[in-house]
Amino acid sequence: MKHQKPKGTADILPSESFKWQYIENVSKEVLDTYGFHEVRTPMFEDYELFQRGVGETSDVVSKEMYDFYDKGDRHIALRPEGTASVVRAYVENKLYGPEHNKPQKLYYIGPMFRYENPQGGRMRQFHQLGVEVFGSASPQTDVEVMLMAVELFEKLGLQNLKLVINSLGDVDSRKLYHQALVDYFQPHADQLSKDSQKRLEKNPLRILDSKEKQDQQFVEGAPEILDYLDEDSKDHLEAVCLLLDDLDIEYTVDPTMVRGLDYYTDTVFEIMSDDKVFGNITTICAGGRYDNLVSDMGGPETPAFGFALGLERVLLTLESLGVELPRPQSLDVYVVGIGGENVRQAAFKIVQQLRQAGLKADKDYLDRKPKAQFKSADRLNARSVMILGEEELEEGSVSIKEMTQGRQDKIALEDLERADFAHRFEDKLNQLTEENGED
Ligand code: ATP
Ligand code: MG
């Protein structure tokens, strides 16, 4: 019986996985220059962690959770996002303690799970890279983290991205705003989508985040959160804008951007792509400040700021822009054996020596004819082929053929034992390549 992968998941094959590795490596370099360290938390957590952390009225919790009861009757959920877990780990492991530097700058990369309708850039298992900074209320932290995201995208070759920011203020201003939204939407309640009618009762802010067309017309005229901010939040937003201006970073303030998760306070931001692969404008990276979440989860009062970016969406955008990610270096050498069992045994030993010398080496394992072995070398994009025959074995040497120019030379088998063999081999190949160029 043949099986198929679950809906909304993907197999990432070697023809794609090198791209993931490239993105991860570039990201890690950038994260490193900003002083972030990796944290790895479990792929599943208690359901209540997300229910309380992400918020009961968010789509993520109310509609998209992969949850189940385990054999011990614990209510478990596959993580739909990273922040709740990282905050839980921060509090549980007391990373706020005096022996830890402030702010703590953490990052994670890994799969997330949401029960969604799969479509371009929307999966049930997808991957996020996220960062969290704990312990700084400074607007410089907001800007630094946004800049890091922008820098990351630039390093990867993503262009035409837009930085959009907004402020959600503190709990008190949001209460006032909450009431203003209820007053505004109530008269149109029966014209709103079913979901938004529910949101109107539970969390009217969510209506602004609605993707339904019928809600959109009302969202446009809705009151703006910016008019409800208190002085501190206004100052904070102004400081963020000044810092961005000072660095000549382009951005827009969009007062309707509220984000899908409940824990944000003050600054929120998105980095969007208007690339046609997504049909309409899509968010690639999203985040913001969440100054209450750590204390809500039982830790000390700790201001925090973070973001998560979707790796599938990064890849889709890169693809659509025609950005070629560098392929990893192919095989250095493919060992072709021509002869009987003694040659095959020698080839097996040699390929092992080549690997120990630090070269990427491979050989035939199916007793194939020389022609088929050369074909394998081609398919593996080997830079060179080492040819081993009965005669060469007796002589104690092998032929080496540089594949781009087709030039050959001999190497003494005993050279394989030398500590600097990999260097000498590289020199030899360069020589063979160049000699031809001079002709
Ligand atoms: P959207 O509004 O597109 O549903 P969201 O607000 O649910 O996104 P966040 O929870 O803020 O997204 O997650 C941050 C990023 O993770 C998104 O900007 C996106 O790049 C990525 N992401 C979220 N959900 C998915 C998904 N189901 N499949 C692929 N990527 C996703
Ligand atoms: Mg979503």
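Entry one, the ligand. I'm working with a predicted model here. I asked which residues come nearest to ligand 1. I found 16 residues around ligand 1, and R114, E116, R122, K211 and R259 are the ones that come nearest.

Next I went through the polar contacts. The side chain of E116 puts an N or O atom 2.6 Å from a nitrogen atom of ligand 1. R122 uses a polar side-chain atom too, and I read 2.8 Å from there to an oxygen atom of ligand 1. With M123 I had to look at the backbone: one of its N or O atoms there is 2.9 Å from a nitrogen atom of ligand 1. Then I checked how much of ligand 1 the protein buries. On its own ligand 1 exposes 590 Å², and 93% of that is buried by the protein.

Entry two, the shell. I wanted to know which strands supply at least two residues each to the shell around ligand 1. They are β6 (125-134), β10 (282-289) and β11 (304-310). β10 gives the most, with 4 residues. I also sorted the shell residues by class and got 6 nonpolar, 4 polar and 6 charged.

For α1 (residues 14-33) and α11 (residues 311-320), the angle is about 110° and the axes are 11 Å apart. So α1 is roughly perpendicular to α11. Which residues make the contact? From α1 I listed E16, K19, W20 and I23. From α11 I listed L311, E312, V314, L315, L318 and E319. By class, this contact has 6 nonpolar and 4 charged residues, and no polar ones.

I looked up where a cis peptide bond sits, and one joins K102 and P103, with omega about -10°. P103 is placed in the loop between α4 (83-92) and β5 (104-113). K94 also turned up in the loop between α4 and β5. Its phi is near 50°, which is a positive value in a residue other than glycine.

I then moved on to D266, and asked what its phi is near. I read a value near 50°, positive again in a residue that is not glycine. D266 belongs to strand β9 (residues 265-273).

How values were computed
Residues numbered from 1 in each chain as written. Chains lettered and ligands numbered in written order. Predicted model: local features only at pLDDT ≥ 70, side-chain atom pairs only at ≥ 80, totals over all residues. Heavy atoms only, no water. Near = heavy atom within 4 Å. Polar contact = N/O pair within 3.5 Å; in protein donor to acceptor, adjacent residues only side chain to side chain. Areas by Shrake-Rupley, 256 points an atom, 1.4 Å probe, with all protein chains shown as cover. Nonpolar A, V, L, I, M, F, W, Y, C, P; charged D, E, K, R; others polar. Axes fitted to C-alpha atoms, helices over the stretch in contact; angles between N-to-C directions. Parallel < 35°, antiparallel > 145°, perpendicular 65-115°, else oblique. Contact = heavy atoms within 4.5 Å.
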